[in-house]
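This report describes a protein model, from its strands to its pocket and cavity. Please keep the sequence and the structure in view while reading.

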Amino acid sequence: MAAVLKVFAQLTLPLYGILVPIGTVLAAMEIPLKVMRMILGQQSKTSPMKVDILAPTSKAKDEDVLFIHGWPDSGAMFMEQARVLQSQGYRCIILTLPNAESEGGGGWGASFDEILLLIYKATRENCKGKVILFAHDWGAHHAYHFRAKYPDLVKCMIVLDIAQRVDMTAPRGLAYVSYQTYLALAFLYGGYAGDWMVQNFYGMMKNSARPKKEVRAYMGFYYYYFWKQMILDKAKLIAPRVNLDECPVLFVYGAKQPFTFTSKKFLNSLENHQNSAAHPLPCGHWITEEKGKELSEIVTTWLS
């Protein structure tokens with residue numbers, strides 16, 4: 001039965017890109033879906049953000065590194081790099097965003113604006129001055145917007161796998177719409193149905209960064225709010241380009257993927273800037289898991 005369900009998930013996933021994205025329609029039906037969840041007893045609360053701080057274990061540099069993860073990860077994904085930076089005198093503030101734990105999450109997650117406010121509060125409460133942002137996946141999206149909104153709080157950025165702009169082709173666009181609306185639907189359905197959908201999708205990715213059974217539907221609120229924003233105010237999704245003279249960027253991306261989340265123009269801008277850099281690694285999307293040692297070496301070299 002499990003094999004049949006997996007095949008069904010593989011066959012239905014592309015349909016969301018071929019048809020008018022159902023997720024964009026459902027995303028506009030927040031109130032009816034809230035009523036449905038209430039009837040089905042799925043009114044659990046969104047788990048709060050957690051902040052872990054690693055104090056420097058060598059002579060302090062008086063510099064803070066703020067880590068922001070994406071889907072379906074938690075702050076734990078950065079622990080290897082945080083330990084390395086901690087040993088070199090950096091103070092590491094590791095965020096685990098709402099609904100990122102395998103237990104205790106639910107509700108409606110947090111909108112992008114709410115996440116930016118949470119990051120701002122964490123920065124003001126735990127950091128001494130300008131921070132070094134270290135972000136992956138949706139964390140990169142938040143980092144670009146955070147830097148645009150609070151430029152005086154960011155010294156530089158280390159971004160993994162998600163560029164600020166992406167070269168878009170028809171096949172790539174179809175792939176984006178397919179998996180994102182699928183995960184938005186899984187979030188909206190919630191419960192056992194949503195968990196089954198998202199765990200099957202995650203299993204097809206053959207990723208070992210997190211056990212499949214720990215991935216829950218409520219973690220996918222990013223996709224729900226993304227498509228909702230696409231309907232209501234698409235312009236807000238696009239952060240102003242980072243001024244590299246004011247905020248250098250280190251971009252590390254996995255080169256062994258069906259498609260990368262970057263653009264030639266973005267890579268060229270980094271490669272042609274004296275204080276920024278772009279590094280491909282022979283791996284997939286989860287660089288901290290697949291090439292953690294190499295990533296740490298690239299990061300520490302760039303920061304030195």
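Which residues of E2 point one way, and which the other way? Asp64, Leu66 and Ile68 lie on one side of the strand, while Val65 and Phe67 point the other way. All of them are buried.

## Overall make-up

The model is predicted. The protein has 304 residues, of which 56% count as buried. Its secondary structure consists of 13 helices and 7 strands.

Contacts can also be sorted by how far apart the partners lie in sequence. Among contacts with a separation of 6 or more, 80% are between residues 24 or more positions apart.

Strand E3 spans residues 91-96. Because 6 of the 6 residues of E3 are buried, this strand is largely enclosed by the rest of the structure. Arg91, Ile93 and Leu95 point one way from E3, and Cys92, Ile94 and Thr96 point the other way.

E3 pairs with both E1 and E2. E2 and E3 run parallel and are joined by 4 bridges. In this pairing, valine 65 has cysteine 92 as its bridge partner, and leucine 66 stands opposite isoleucine 93. Strand E1, residues 50-54, pairs with E3 in the antiparallel sense over 5 bridges. Aspartate 52 has isoleucine 94 of E3 as its bridge partner.

## Arginine 91

Arginine 91 is found in strand E3 and is one of the buried residues of that strand. Its side chain reaches the backbone oxygen of asparagine 126 at 2.3 Å.

Leaving out residues up to four places away in sequence, arginine 91 touches Ile53, Leu54, Pro56, Glu63, Asp64, Val65, Asn126 and Cys127.

Where does glycine 70 sit in the chain? Glycine 70 is in the loop between E2 and helix H5 (79-87). With a relative accessible area of 1%, glycine 70 is buried. Aspartate 137 is 67 residues away along the chain, yet the C-alpha atoms of glycine 70 and aspartate 137 are separated by 4.8 Å. Beyond residues up to four places away in sequence, glycine 70 touches His136, Asp137, Trp138, Gly139 and Tyr222.

Gly70 is also one of the residues that line the largest cavity. The structure holds 1 cavity of 30 Å³ or more, and about 40 Å³ of space lies in the largest cavity. The lining is formed by His69, Gly70, Trp71, Pro72, Asp73, Pro98, Asn99, Ala100, Met219, Phe221 and Tyr222. By class, this lining has 7 nonpolar, 3 polar and 1 charged residues.

## The largest pocket

How much space lies in the largest pocket? The volume is about 780 Å³. The pocket is lined by 25 residues, and those closest to its centre are His141, Gln164, Val166, Gln180 and Phe226. The elements that give two or more residues to the lining are helix H7 (138-149), helix H8 (170-189) and helix H10 (221-232).

H8 provides the largest share of the lining, 5 residues. Sorted by class, the lining has 17 nonpolar, 5 polar and 3 charged residues.

## Threonine 288

Threonine 288 lies in helix H12, residues 287-290. Is threonine 288 buried or exposed? Threonine 288 has a relative accessible area of 8%; because buried means under 20%, the residue counts as buried.

The side chain of threonine 288 reaches the backbone oxygen of methionine 77 at 3.4 Å. Not counting residues up to four places away in sequence, threonine 288 touches Met77, Phe78, Glu80, Gln81, Leu160 and Leu295. Alanine 209 is 79 residues from threonine 288 in sequence, and the two lie 8.5 Å apart in space, C-alpha to C-alpha.

Notes:
Residues are numbered from 1 along each chain as its sequence is written. This is a predicted model: local features need pLDDT of at least 70, side-chain atom pairs count only at pLDDT 80 or more; totals for chains, interfaces and linings use all residues. Side-chain values use heavy atoms; hydrogens and water are left out. On a 1 Å grid over the protein atoms alone, a cavity is a set of points where a 1.4 Å probe fits but cannot get out, and a pocket is an open set with protein on both sides within 12 Å along at least five of seven lines; lining residues have an atom within 4 Å of a point. Grid points are joined across faces, edges and corners, and a volume is the space filled by probe spheres set on the points. Ala, Val, Leu, Ile, Met, Phe, Trp, Tyr, Cys and Pro count as nonpolar, Asp, Glu, Lys and Arg as charged, and the others, Gly among them, as polar. A polar contact is a pair of N or O atoms within 3.5 Å; within protein, one must be able to donate a hydrogen and the other to accept it, and residues adjacent in sequence count only if both atoms are side-chain atoms. Contact means heavy atoms within 4.5 Å. Buried means under 20% relative accessible area, exposed over 50%, partly exposed in between (1.4 Å probe, protein chains only). Two strands pair if DSSP finds at least two bridges between them.
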